[in-house]
Amino acid sequence: MNALLAEITAIVGPSHLLKGNDISTRRDDWMQGTPCRARAIVRPADTEQLSQVMAACHRARQPVVPHGGLTGLVGGSVASSGELAISLERMNQIDAIDPISGTLTVQAGTPLQRVQEAAAEAGMQFALDLGARGSCTVGGNIATNAGGVRVIRYGMMREQVLGLEAVLANGTQVSSMNHMLKNNAGYDLKQLFIGSEGTLGIVTRAVLKLKPQQPAMQTAMVACDTFDDLTALLQYVRQALGEQLEAFEVMWHNHYALLTEESGRHTPPLATNAAFYVLIETLGSDQEATAQRFESVIERAFDNGHISDAVIANATHQRERLWAIREDIEGLLHHLNPHFTFDVSLPIPEMERYTRTLEEQVAQHWPDGRIVVFGHLADGNLHITVTTGHPDNAALADDKLAVEALVYSPLAAMGGSVSAEHGIGLDKRAYLHLSRTSAEITLMRMLKKALDPHALLNRHKILPDEAP
């Protein structure tokens, strides 16, 4: 190992190979906040340096773990003491913006928020948006095929990527930096790396798709008394708002009440007696026309009986206060210790039965237990937090397995997925078979073997047969 570290130091420079306290003061898992345990952290400056580092690791059969913004929730960037972490934090430049073609070329370590701001300065917008925008990176967004709050209109990260560059386990650079909307020449190789969680290659640069800027934003929070009202509202606003609808975010009563009335963290803009609370947001090009259309739709939703209460944001600070209730994940987790978090997909009509059954089962197993639910309902994606109420750390491992069984087991019969947008990582690999067939998992193994025959890239992640 010492010889390898000396070789890597010669490539990246002494100040960019971190050891000792420089490692332990960092974390590699946002959810647990545990210190990074990697043997060293390597910080290459560009694709060429990363290529040389990976070639050296390949010769030494040294496993590595890619690090982006470290905002993941499934253990996808956890490194052991025998692994090297590859941080792309120095590769954080926006190379080019082309408003005419609607593209932005960027290095993988660039935070999402910087991409959004650069696009806005050019009169464009980058469609992906999520709560961790200030910390998460483009490379991590690509590796996990991130979703966020605008999927209903723009799709997931996969739809935002025209081309990319990646380094394979043996140091080979694969450059597929396509700038064209249409390119049907052979295999679309970028798709191998999008959503692969760094197990097939490390993404270093990308060509992202931009959209015309839509300055007219309208936001409302509404209350629905029943799940039937909620789904009827979704159908109605999809039709009435059409292409302008960009977000339809739902908070179950247990989420809304906890973060407002119960915790006191946020002032409730609406009374806390409804079953569901929805953030509806639109984007348009004309402020007056967009506002009139939006207000008319909300009024008709009242008349149709779909909603029982509503508030429309008339200023940026009002919008931010509404969204703060939805995005206050730190507050949510603070009040639900110990907690277990989940990110699942399932058909919308099954959601009420699924969450109600889960709530009943948690209460039966743990008298002090509770669940909190919110999510991108229009995308079929729910985020669920469960606490058993057990203060005894000795019971956590058993509780975790029991809770996972309750959350994941029903999904296969419903045609759901154990991961909607967070990936598999370490935490969900034992449940991959509930969402993928044996033939699909076999093909995943074949791809891994072909591109990374020595299992050096983010080993033990995703595939259930790669146990530590």
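Here are a few notes on the salt bridges in this predicted model.

1. Start with the overall tally: searching the whole structure turns up 20 salt bridges. The points below pick out some of them.

2. Have a look at Glu89 and Arg26, whose side chains meet in a salt bridge at 2.7 Å, N to O. Glu89 sits in the loop between β4 (84–87) and β5 (94–98), while Arg26 is in the loop between α2 (21–24) and β2 (40–42), so this pair ties together parts that are 63 residues apart in sequence. As for solvent, Glu89 is partly exposed at 31% relative accessibility, and Arg26 is partly exposed too, at 27%.

3. Next up is Arg370, which makes a salt bridge with Glu262; their closest N and O atoms are 2.9 Å apart. Here a strand and a helix are involved: Arg370 belongs to β17 (residues 370–376) and Glu262 to α9 (residues 253–262), so the pair links parts that are 108 residues apart in sequence. Arg370 comes out as partly exposed, with 28% relative accessibility.

4. Back to Arg26 and Glu89 for a moment. Together with Arg43 they form one network, joined by salt bridges that share partners.

5. Then there's Asp188 with Lys190, a side-chain salt bridge at 2.8 Å, N to O. Are these two residues buried or exposed? Asp188 is partly exposed, at 40% relative accessibility. Lys190 is buried, because its relative accessible area of 8% falls under the 20% cut-off.

Note on methods. Residues are numbered from 1 along each chain as its sequence is written. This is a predicted model: local features need pLDDT of at least 70, side-chain atom pairs count only at pLDDT 80 or more; totals for chains, interfaces and linings use all residues. Side-chain values use heavy atoms; hydrogens and water are left out. A salt bridge is a side-chain nitrogen of Lys or Arg within 4 Å of a carboxyl oxygen of Asp or Glu. Helices (H or I, at least four residues) and strands (E, at least two) are DSSP runs, numbered from the N terminus. Buried means under 20% relative accessible area, exposed over 50%, partly exposed in between (1.4 Å probe, protein chains only).
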